[in-house]
Amino acid sequence: MYFGNIYPYFTEEEIRTALLRQINTYNLIFLMPVFNEAWDSKFWRDKGYDGATFIQDKTHPSIDAFLHDWGYRIYGGNKYDDYVFYKLQKILKDKAKRNYVGVRLGGFVLRMKNRMKGKNGSSTDNLKAVYNYLKAL
């Protein structure tokens, strides 16, 4: 199966391989439980995956945007999703502070919209564990 509109020429397995390569290259093994949870949800099939929406993304697909899109599309997003995105941005890319401000401000509108759709904004235990791990660094 091909990976949606943004990657019409790549299979799901090619995208998965690229994301896993990024996890391994940057030694982000602590992400594996939440990555597996997000990947197994296949959220992009119904809800889409567009990567970094409002910012120029140097690496695409990228694990930071993948996990952030998953959180916002599945349960409505929250501070955990935004903080994990920010910390991964610091590890993977530049301009993390600017991007974090944008995510928090733009995310506010999306979170309100998602609440009206009935999404409760509750993170999974795996994402909370990653959040706590990154907070302790």
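Modeller: Let's start with H2 and H7, which cross in a left-handed way. Keep in mind that this is a predicted model.

Colleague: OK, at roughly what angle do the axes of H2 and H7 cross?

Modeller: Roughly 145 degrees, and the two axes come within 8 Å. H2 covers residues 32-41 and H7 covers residues 125-136.

Colleague: Which residues meet there?

Modeller: From H2 you have Pro33, Val34 and Glu37, and from H7 you have Asn126, Leu127 and Val130. Sorted by kind, the residues of that contact are 4 nonpolar, 1 polar and 1 charged.

Colleague: Let's zoom out. How many helices and strands does the chain have?

Modeller: There are 7 helices and 2 strands. Going along the sequence, the pattern reads β-β-α-α-α-α-α-α-α.

Colleague: And what percentage of the residues is buried?

Modeller: Buried residues account for 45% of the 137 in the chain. There's also a number for contacts between residues at least 6 apart in sequence: 64% of them join residues at least 24 apart.

Colleague: New topic: H1. What span should H1 have, and what does it have?

Modeller: H1 runs over residues 12-25, so that's 14 residues, and at 1.5 Å a residue they should span 20 Å. The C-alpha atoms at its ends are 20 Å apart, so the two agree.

Colleague: Which residues of H1 are buried?

Modeller: Glu12, Ile15, Leu19, Leu20, Gln22 and Ile23. They sit on the same side of H1, because they cover an arc of only 155 degrees around the axis.

Colleague: Then what's on the face turned away from that buried side?

Modeller: That face of H1 carries Arg21, Asn24 and Thr25, which are exposed.

Colleague: Is Asn27 buried or exposed?

Modeller: Exposed: the relative accessible area of Asn27 is 58%, and anything over 50% counts as exposed.

Colleague: On to H4. How many of its residues are buried?

Modeller: 10 of the 12, so H4 is largely enclosed by the rest of the structure. Among them are Phe66, Leu67, Trp70 and Tyr72, along with Asp64, His68 and Asp69.

Colleague: How far does H4 reach from its first C-alpha to its last?

Modeller: H4 is residues 63-74 and reaches 16 Å, close to the 16 Å expected. Just after H4 comes Gly76, with a positive phi of about 105 degrees.

Colleague: Last one: where does Tyr7 lie?

Modeller: Tyr7 lies in strand E2, residues 7-11. It's buried, with a relative accessible area of 6%.

Colleague: What is Tyr7 in contact with, leaving aside neighbours within four places in sequence?

Modeller: Ile15, Tyr49, His60 and Pro61. Ile15 also came up as one of the buried residues in H1. As for Pro61, it is 54 residues from Tyr7 in sequence, with 9.2 Å between their C-alpha atoms.

Definitions and conventions:
Residues are numbered from 1 along each chain as its sequence is written. This is a predicted model: local features need pLDDT of at least 70, side-chain atom pairs count only at pLDDT 80 or more; totals for chains, interfaces and linings use all residues. Side-chain values use heavy atoms; hydrogens and water are left out. Axes are lines fitted to C-alpha atoms, for helices over the stretch in contact, and angles run from 0 to 180 degrees between N-to-C directions. Helices (H or I, at least four residues) and strands (E, at least two) are DSSP runs, numbered from the N terminus. A crossing is left-handed if the near helix is turned anticlockwise from the far one by less than a right angle, and right-handed if clockwise. Contact means heavy atoms within 4.5 Å. Ala, Val, Leu, Ile, Met, Phe, Trp, Tyr, Cys and Pro count as nonpolar, Asp, Glu, Lys and Arg as charged, and the others, Gly among them, as polar. The expected span of a helix is 1.5 Å times one less than its number of residues. Buried means under 20% relative accessible area, exposed over 50%, partly exposed in between (1.4 Å probe, protein chains only). The arc is that of the directions from the helix axis to the C-beta atoms.
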